[in-house]
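Subject: Structure for your review

Hello,

Please find the structure below.

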Amino acid sequence: METQAGFLITQIKQIGGRVFDKILQKEGISEFNGAQGKILYVLWQHDCISIIELSRLTGLANTTLTSMLDRMEAAELLHRLPDPKDRRKSLIMLTEKSERLKESYDKVSLKMHEVYFKNFSTEEIITFEKYLRRVLNNVKEEMQ
């Protein structure tokens, strides 16, 4: 059986990212882009975490994450603190500026939800997300 799920997921990710950036621009949000929004989203849920943990939660590679964090730190969206348990490591922490942006992000996120799930019933959304979690768990398992 030939399927296109992987291809479709990739297209959704790429086009969805462009739509997210378009909505950010439309809302006048210039402090961060869609990729940085993913990092901020995780930090809003789990502030003051290690780069390794941030990488695990975002799915971004450490090398990609490091350069993005450099740019975000320069934009005063986050700062790095020495880990009190291990001075070789840093913890990533939100700034007041990024805390103030959460409401704007939530507004854009809600609009993305409306785009993704237009013409879906609540039951369909729940079922779809359940399947997506299974796929995500499968690929995570393969990474280990």
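A salt bridge here is a side-chain nitrogen of Lys or Arg within 4 Å of a carboxyl oxygen of Asp or Glu. By that criterion, the side chains of Glu 27 and Lys 111 meet in a salt bridge, with 2.4 Å from N to O. Please keep in mind that this is a predicted model.

The Glu 27 and Lys 111 pair links distant parts of the chain, 84 residues apart. Glu 27 sits in the loop between helix 1 (5-26) and helix 2 (34-45), while Lys 111 belongs to helix 6 (residues 102-116). Glu 27 has a relative accessibility of 25% and so counts as partly exposed. Lys 111 is also partly exposed, because its relative accessible area is 31% and the class lies between the 20% limit for buried and the 50% limit for exposed. Lys 107 comes in as well: Glu 27, Lys 107 and Lys 111 are linked in a network of salt bridges.

Over the whole structure, the search finds seven salt bridges. As background, side chains of opposite charge can pair when their charged atoms come close.

- Arg 80 and Glu 73 form a salt bridge, and their closest N and O atoms are 3.5 Å apart. Arg 80 is partly exposed at a relative accessible area of 24%, and Glu 73 counts as partly exposed at 30%.
- Asp 86 and Arg 88 form a salt bridge with 3.0 Å between the closest N and O atoms. Asp 86 has 15% relative accessibility, so Asp 86 counts as buried, whereas Arg 88, at 76%, counts as exposed.

Next, the strands. Strand 2 (residues 78-83) and strand 3 (residues 86-94) run antiparallel and are joined by six bridges. The two strands form a hairpin, with two residues between them. Within this pairing, His 79 has Met 93 in strand 3 as its bridge partner.

Is Gln 36 buried or exposed? With a relative accessibility of 10%, Gln 36 counts as buried, because buried means under 20%. Leaving out residues up to four places away in sequence, Gln 36 touches Glu 31, Met 68, Arg 71 and Met 72.

Regards

Terms used
Residues are numbered from 1 along each chain as its sequence is written. This is a predicted model: local features need pLDDT of at least 70, side-chain atom pairs count only at pLDDT 80 or more; totals for chains, interfaces and linings use all residues. Side-chain values use heavy atoms; hydrogens and water are left out. Helices (H or I, at least four residues) and strands (E, at least two) are DSSP runs, numbered from the N terminus. Buried means under 20% relative accessible area, exposed over 50%, partly exposed in between (1.4 Å probe, protein chains only). Contact means heavy atoms within 4.5 Å. Two strands pair if DSSP finds at least two bridges between them.
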